[in-house]
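Have the model open while you read, and take the points in any order.

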Amino acid sequence: MLKFVLLAVLVAGAYGCGLPTFSPIVTRVVGGEDVRPNSWPWQVSLQYNRGGEWRHTCGGTLISDQWVLTAAHCISKDKQYRVALGKHNLVQAEEKAVFMAPASIIVHEKWSMLFIQNDIALIKLEAPVTFTDTVMAACIPNAGFLLAQDTPCYVTGWGRLSTGGPIAENLQQALLPVVDHATCTKPDWWGFMVRDTMVCAGGDGVVSGCNGDSGGPLNCQNVDGAWEVHGIVSFGLGLSCNYPKKPTVFTQVSSYVDWISSKMVAY
């Protein structure tokens, strides 16, 4: 296992994980906005085939040249999937976009739909992708790492622009400051719903993740300037995407580093 982890670090270092060619334009503006094209080159669109037409269903994060991280609740056994990489606009043909079928989809063995626990899945692509200006891997945080209160992180995705609204055509980003575990588990916040394997972000009642963002990343910049995927969009309030004291809840990636490593070795 140690050998694998070391190899992964060396490979990531060679390609500069989390260091996009086109740096994202990150501001402290409240509300979602179109991203700078290809500034989050690890963001993928997970799509399913419906009557011969491919439709966006969830987001995901490229974490190596052949592996994508997403949410368990995004996966259904009766659907045919593909992964779209290097996309900015979902409805336009883009020259540098890459479409890959999955070779394997691994859902966490202890995924619970009832309690929304262990909401994590891995997709192994049918072949390694070539890293380019528009397709690149995000970094993974250290195992057990906890984000501090108000850490400025960004959710990205093509989810609905508002509660019940249309799916975004252009990739969106929104600033979601981290809410620490002690706050997020207060009774008037999420209470017992939030476990220590989850991380909350947002909750100001103005901006949040929404339907269609599921499976996508919570992007946080480390001290070296590289972007790490610290969360996987898991759930929010069904009544409204933007509701005070009901931040977006993410699967905390640092709680699953060993699980991710073990599956990447096994498959």
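1. Which cysteine does a disulfide join to cysteine 184? The partner is cysteine 200, with S to S at 2.0 Å; a disulfide here is a pair of cysteine sulfur atoms within 2.5 Å. Cysteine 184 lies in helix H2 and cysteine 200 in strand E11, so this link ties together parts that are 16 residues apart in sequence. The link is left-handed, with -90° about the S-S bond. Helices (H or I, at least four residues) and strands (E, at least two) are DSSP runs, numbered from the N terminus.

2. A word on what you're looking at. This is a predicted model, where local features need pLDDT of at least 70 and side-chain atom pairs count only at pLDDT 80 or more, while totals for chains, interfaces and linings use all residues. Residues are numbered from 1 along each chain as its sequence is written, and side-chain values use heavy atoms, with hydrogens and water left out.

3. Buried means under 20% relative accessible area, exposed means over 50%, and partly exposed is in between (1.4 Å probe, protein chains only).

4. The structure holds 4 disulfides. Another of them pairs cysteine 58 with cysteine 74, sulfur atoms 2.1 Å apart. Cysteine 58 sits in strand E3 and cysteine 74 in the loop between E4 and strand E5 (81–85), so parts 16 residues apart in sequence are tied together. This link is left-handed, at -90° about the S-S bond. Cysteine 58 is buried at 4%, and cysteine 74 is buried at 6%.

5. Cysteine 153 and cysteine 220 also form a disulfide, with their sulfur atoms 2.1 Å apart. The torsion about its S-S bond is about 115°, so this disulfide is right-handed. Strand E9 (residues 152–157) holds cysteine 153 and strand E12 (residues 217–221) holds cysteine 220, so the pair ties together parts 67 residues apart in sequence. Both cysteines are buried.

6. Now find the open sheet of 7 strands, ordered E6-E5-E2-E3-E4-E8-E7 with antiparallel pairing. Two strands pair if DSSP finds at least two bridges between them. Strand E6 (98–100) and E7 are the edge strands, each pairing on one side only. Inside the sheet, strand E3 (residues 53–62) and strand E4 (residues 67–70) pair over 2 bridges in the antiparallel sense. Threonine 61 has leucine 69, in E4, as its bridge partner.

7. What lies across E4, E7 and E8? That's H3, which runs at about 30° to E8. Axes are lines fitted to C-alpha atoms, for helices over the stretch in contact (heavy atoms within 4.5 Å), and angles run from 0 to 180 degrees between N-to-C directions.

8. Finally, the whole structure has 4 salt bridges, each a side-chain nitrogen of Lys or Arg within 4 Å of a carboxyl oxygen of Asp or Glu. In one of them, lysine 263 meets glutamate 109 at 2.4 Å, N to O. The two are 154 residues apart: lysine 263 is in helix H3 (residues 257–266), and glutamate 109 is in the loop between strand E7 (102–107) and strand E8 (121–125). Lysine 263 counts as buried at 17%, whereas glutamate 109 is exposed at 52%.
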